[in-house]
Amino acid sequence: MTAAVLTVSDGVVHGTREDLSGDLLATLLESDGYEVERRVVPDEREEISAAIRELAGSAAVVLTTGGTGVAPRDVTPEATRPLLEREAPGIAEAIRADSIARTPHALLSRGVAGIVGRALVVNLPGSPGGCRDGYAVLRPALAHAVGLLAEAETTHRQT
């Protein structure tokens, strides 16, 4: 199964910042058995959208990191939202709820999540800690979501 990590960062593109968050997400996904494709784009809405669209064509999961805050160049949600065929608001809500318990800065996170084709797309913050914690929230449901999107046979809990 293929997953993609899209780092949105002017600093990484220009070589003035290491891609610690992208590296961390790739490691986490690989440890869960995903083959990971990586991409880095600047904080430019059109480039972010084009990369998500392309990656969603070949990956079951696209995790973005960066550009979800309130700074003027933070446009990842605006680049993602028009591509979504269906939103998955529970994912973004759960990630924010978990983060708010850790830091008040999570109140500023504007990430979105949803479906593009048969890919699950999730915006995560640009910090390694935010990515680690966000992935921990997403992880228990990720395989099930990927299976549903691939129309694989899944099991549902009976209550």
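Mentor: One definition to begin: helices (H or I, at least four residues) and strands (E, at least two) are DSSP runs, numbered from the N terminus. The model is predicted, so local features need pLDDT of at least 70 and side-chain atom pairs pLDDT 80 or more, while totals for chains, interfaces and linings use all residues. Residues count from 1 along each chain as its sequence is written, and side-chain values use heavy atoms, without hydrogens and water.

Trainee: Where is the kink in α6?
Mentor: At Arg139, shortly before the proline Pro140, and the kink is about 50°. The bend at a residue is the angle between axes fitted to the seven residues ending there and the seven starting there.

Trainee: Switching topic: in what order do the strands of the sheet come?
Mentor: The 6 strands run β2-β1-β3-β6-β5-β4 in an open sheet with mixed pairing. Strands pair if DSSP finds at least two bridges between them. β2 (35-41) and β4 (86-87) are the edge strands, each pairing on one side only.

Trainee: In which sense do β1 and β3 pair?
Mentor: Parallel, over 5 bridges, with β1 covering residues 2-8 and β3 residues 61-65. Val5 stands opposite Leu63 in β3.
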